[in-house]
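Here are my notes on the two-chain model you asked about. Have a look at it first, then read the points in order.

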Amino acid sequence: MTRATESRLGGHASTIERTGDSLPYGDERHLTAHRWLVDEAYLLDAQDYDAWLALVTDDVHYLMPVRVTTARAAGYDVSPGMAHFDENRYSLSRRVARFQTEHAWTEDPPSRLRHHITNVRTFATPDPDHLVADSAVLLYRSRGDVREPALISAGREDLLRRQDGRWLLARRRILVDDAVLRTQNLAIFL
Amino acid sequence: MQLPFDAAAVRRGMIPAHIYNDAEVFALERERLFSRAWVFVGHVSEIPDPGDYVVRQVLADSFIVARGEDGEVRAMFNMCLHRGMQVCRAEMGNASHFRCPYHGWSYRNDGRLAGLPFHRDAYGGEEGFPRQGRTLLPAPALDTYNGLIFISLDEDAPPLRAYLGDFAFYLDYYTRQSPTGIELSGPQRWRIKANWKIGAENFAGDMYHTPHTHTSVVEIGLFREPKAEKRKDGATYWAGNGGGTTYKLPPGSLEERLSHVGYPDPMIETMKKTWSRGQLDVVGRDGFMVSAASLFPNLSLVHNWPRVEESDDVLPFISIRTWQPIGPDETEVLSWFAVDAGAPEDFKALSYKAYLMCFGSTGMFEQDDVENWVSLTHTAGGSMARRLQLNSRMGLRPDDTPLVPALPPEEFAGPGEARVGYGEYNQRHLLNRWLDHLEREVSA
């Protein structure tokens, strides 16, 4: 299934794709992308969403399809036409604004979050101002005293864009590893 | 048998808190409620073509809901007749046959046993073991309304239409905005550590929580309506086996009011041709627009009209969901996005966006609801909860007379009983039906 058929709302997003093999780990571009992802993880852990929103482009597309269990021969494993997140900058900004009100009860008291980022690899694109980065994320989310923590495991494909000398997130596709989420909501970002 | 809680208190609107987290109560719900009630399992638009199937649960029982080569929709118990394996382990797809992975028995997509390996050597062929007449166990009862597929584990269940009763009048607002009806996307599925009844009660009638729980969505400009003063002008209604909430719309014609919640003109024209006089009058004459609703026991619907872009326009969306019980303290939510199949494509896309922003796994309304329900469920599992009866008497005086009269037909054209303002009439209706089932023993 192509990205276009996975999302009803991603028509505005950049369509730049990766080229060639993953970059060597010593490559400056890989180091840049890896550092960017780690810095972002700290912002998400701290729920510093203002700073996080400053790292996304105006044309960002932030997509997390719903995964489904299908036969191997089916040829698809995401729900046709349904996602958990299918966001542009406006909807992301509303989510961030909500967390900043005093009435977003689900995150007050806040979850304790840890985004573990690993398996990072970076690809060049036809445009030197764009890089594609793959990563795996394991989110540990703990609430209250002894409630069972929630774990969310996912793969991500990001498109990073250099704009005015800074790298920003232009596109993210989150491929979650559960068909049925075992967390009370997605009042977090991956 | 004596019920393990104070049933008389439930009838008075005083709810023993432990019913929201009690293994004994849950066992009774399995035995006496979910063994009989009509349970929503999907919509025909999810399986449009022959061979299309989805797999859905009623409590622990798995059913393959499939469209056969003959176009007929069936629900078949997902257990091989031979050694009991699940013959379908995917949750959706298209198949002409389901083949058991254990010994290879295979079934057509209408449930008929098609083949078994070594039929002659192992069973003596067709004379020794006729395939004729053997099928996966069909759901004891299956029926549809506006394409919504329900099954019941009781083969003597009343016809679905009779079970819905006058709630069908309101169900049409969500599922029949045109003769084509709705199409569903999803579901999103996630598990919450909350009892299934809480969500069903909340959607049935809890207008009182909206201004408080959902303050944040007003503050960020997502939704203009939940403000306390707006919500209490709405009416709740109960009809047949379901009930719901409404918003009071500003003065205007039918067209202006439908347009106020964001429906484009072509859709309004279609609604005018599709809905009955009474259905049109609730909106156009009386000024009420449906919002959340529940059909007993565990199907809920919601219709809201948030702002989805940087503009003053609002866009309506519809969601359908089930609160599928997993255990006394755990529920799997299946939440679908629904939209009129004949709606313009750009409307469908924005309506989908409105859904994602408001409800479902990431919805900004829903996030705060679930936080409350998880907390309630956890507390209901302790021993102090056995000493507490929760007050669900809103809208009743001490002598059980209602605080406000039911709306007369000239002010509310819909069937059933409707009242303006805050009240827990519907939550009491829902729990009374729940109690009706729990009090009725299952005949041996």
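1. For the 444 residues of chain B, a compact globule would have a radius of gyration near 22 Å, and chain B has 23 Å, which agrees. Its C-alpha trace spans about 75 × 55 × 40 Å along the principal axes of chain B.

2. Some housekeeping before you go on. This is a predicted model, where local features need pLDDT of at least 70 and side-chain atom pairs count only at pLDDT 80 or more, while totals for chains, interfaces and linings use all residues. Residues are numbered from 1 along each chain as its sequence is written, and chains are lettered from A and ligands numbered from 1 in the order in which they are written.

3. Now chain A. With 190 residues, a compact globule would have a radius of gyration near 16 Å; chain A comes out at 17 Å, which agrees. The C-alpha trace of chain A covers about 50 × 45 × 30 Å along its principal axes. You'll find 4 helices and 6 strands in chain A (DSSP runs numbered from the N terminus: helices are H or I with at least four residues, strands E with at least two). Reading from the N terminus, they go α-α-α-β-β-α-β-β-β-β.

4. How much of each chain is buried? Buried residues are 37% of the 190 in chain A and 52% of the 444 in chain B. (Buried means that 20 or more other C-beta atoms, placed from the backbone, lie within 10 Å of the residue's own.)

5. Where do the chains meet? In the model, 34 residues of chain A are in contact with 37 residues of chain B (contact: C-beta atoms, placed from the backbone, within 7 Å). On the chain A side, β2 (78-87) and α4 (89-99) are the elements giving two or more residues. That side divides into 16 nonpolar, 12 polar and 6 charged residues. (Ala, Val, Leu, Ile, Met, Phe, Trp, Tyr, Cys and Pro count as nonpolar, Asp, Glu, Lys and Arg as charged, and the others, Gly among them, as polar.)

6. Chain B has 16 helices and 20 strands, so let's pick one pair of helices. Helix α7 (residues 196-205) of chain B and helix α16 (residues 425-439) of chain B have axes that come within 7 Å and cross at roughly 140°. (Axes are lines fitted to C-alpha atoms, for helices over the stretch in contact, and angles run from 0 to 180 degrees between N-to-C directions.) That angle makes α7(B) oblique to α16(B). (Under 35 degrees is roughly parallel, over 145 roughly antiparallel, 65 to 115 roughly perpendicular, and the rest oblique.) Among the residues making the contact are B:Ala200 of α7(B) and B:Trp434 of α16(B).

7. Next, look at α2 (residues 23-33) of chain B against α16(B): they pack at about 80°, axes 8 Å apart. These two helices, α2(B) and α16(B), are therefore roughly perpendicular to each other. Here B:Leu28, B:Arg32 and B:Leu33 of α2(B) meet B:Trp434, B:His437 and B:Leu438 of α16(B).

Terms used
Two residues are in contact if their C-beta atoms, placed from the backbone, lie within 7 Å. The radius of gyration is taken over C-alpha atoms; the globule rule is 2.2 Å times the number of residues to the power 0.38. A residue is buried if 20 or more other C-beta atoms lie within 10 Å of its own, exposed if 12 or fewer, and partly exposed in between; C-beta atoms are placed from the backbone.
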